[in-house]
Amino acid sequence: MMNFVVFAVEAALISNIALSYFLGLSPFPEIGKNKKQTCIGALAMVIVMTLSSLICGVIYRYILVPANAMQAKTVVFVVVILAASGLLALLLRKRTAALEEGKPFPALAVNTAVLGTVLVIVQNDYSVLNGTFYGFMAAVGYLIVIAMLSAIDDELKYSDVPKSFRGVPILLVAAGLMAIAFHGIEVLGG
């Protein structure tokens, strides 16, 4: 059980997809503008990343590897991720008025994070179950980062931040400090 918890903390915080791999950073400029769309986008990210991790893991392990077609993995993964994102967008568009106002996240930024996660899963040779769990926890970690940066952005509105650091620059500084703090968890774990 302890290894399961360590695996979850590693996926969500220590090897955070946004802070350690620098993937999916495009939403950072949008964080302070529309909180509702940011929350919807982060929750959609959890669904898409988990679903894509499962489908891509199955395709890779049971179709591409036996067929000796591992070179096609990136193209196949991109198609699966785009299909999952498009399907979720269609389903949410009918249910959520916020998506009609505009996109919650730039699709390419979110898809880079999903593709990066799926490639990490393949690179580390996780089983389909472990890979799906890793994808879910990586998405939860992404959600944590977005939520924390949103809260930091709210607090910074009342702070005396130098003019040249206002907006995205100070959020990137905060993200860097968060990355350092999350890596400190690894030191505590031994």
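Me: What makes aspartate 125 count as buried or exposed?
Reply: Keep in mind that this is a predicted model. Aspartate 125 has 54% relative accessibility, and the label "exposed" needs over 50%. So aspartate 125 counts as exposed.

Me: Where does aspartate 125 lie, and what is its phi?
Reply: Aspartate 125 lies in the loop between helix H5 (107-123) and H6. Its phi is near 55°, a positive value in a residue other than glycine.

Me: How do you know that arginine 61 and aspartate 125 form a salt bridge?
Reply: Check the gap: the closest N and O atoms of arginine 61 and aspartate 125 are 3.3 Å apart. The cut-off is a side-chain nitrogen within 4 Å of a carboxyl oxygen, so 3.3 Å passes. Arginine 61 lies in helix H2 and aspartate 125 in the loop between H5 and H6, so the pair ties together parts that are 64 residues apart in sequence.

Me: And why is arginine 61 called partly exposed?
Reply: Arginine 61 comes out at 30% relative accessibility. Under 20% would be buried and over 50% exposed, so arginine 61 falls in between and counts as partly exposed.

Me: How many salt bridges are there in the whole structure?
Reply: The search finds 2. One of them joins lysine 157 and aspartate 154, at 3.8 Å from N to O. That value is also within 4 Å, so the pair qualifies. Aspartate 154 is partly exposed, with a relative accessible area of 31%.

Me: Now the rings. Why is the pair of tyrosine 126 and tyrosine 134 called tilted?
Reply: A pair of aromatic rings is described by the distance of the centres and the angle of the planes. By that rule the count comes to 6 aromatic pairs. For tyrosine 126 and tyrosine 134, the centres are 5.4 Å apart and the planes are at 40°.

Me: What is tyrosine 21 in contact with?
Reply: Leaving aside neighbours within four places in sequence, tyrosine 21 is in contact with Ser15, Asn16, Val120 and Tyr134. Tyrosine 21 sits in the loop between helix H1 (2-14) and H2. It is partly exposed, at 37% relative accessible area. The C-alpha atoms of tyrosine 21 and threonine 117 are 9.3 Å apart, although the two are 96 residues apart along the chain.

Me: What makes valine 120 count as buried?
Reply: Its relative accessibility is 7%, and the limit is under 20%, so valine 120 is buried. Valine 120 is found in helix H5, and, with neighbours within four places in sequence set aside, it is in contact with Tyr21 and Tyr134.

Me: Is asparagine 68 buried or exposed?
Reply: Asparagine 68 is at 56% relative accessibility, over the 50% mark, so it counts as exposed. It lies in the loop between H2 and helix H3 (73-95), with a positive phi near 55°.

Me: Which residues make the nonpolar surface patch?
Reply: Leu51, Leu54, Ile55, Val58, Tyr62 and Ile63 make it, and the patch is about 510 Å². Isoleucine 55 lies in helix H2 (residues 35-64).

Me: Where is confidence lowest and where is it highest?
Reply: Helix H4 (residues 97-101) is lowest, with a mean pLDDT of 52, while helix H6 (residues 128-156) is highest at 90. The protein chain averages 83, and 84% of the residues score at least 70.

Technical notes
Residues are numbered from 1 along each chain as its sequence is written. This is a predicted model: local features need pLDDT of at least 70, side-chain atom pairs count only at pLDDT 80 or more; totals for chains, interfaces and linings use all residues. Side-chain values use heavy atoms; hydrogens and water are left out. pLDDT is the predictor's confidence in each residue, from 0 to 100. Helices (H or I, at least four residues) and strands (E, at least two) are DSSP runs, numbered from the N terminus. Rings of Phe, Tyr and Trp (its six-membered ring) pair if their centres lie within 6.5 Å; planes under 30 degrees apart count as stacked, over 60 as edge-to-face and the rest as tilted. Patches are made of residues with over 30% relative accessible area and no salt bridge: like charges are joined within 9 Å, nonpolar side chains (Val, Leu, Ile, Met, Phe, Trp, Tyr) within 5 Å. Accessible areas come from the Shrake-Rupley method with a 1.4 Å probe; for residues, only the protein chains shown count as cover. Buried means under 20% relative accessible area, exposed over 50%, partly exposed in between (1.4 Å probe, protein chains only). Contact means heavy atoms within 4.5 Å.
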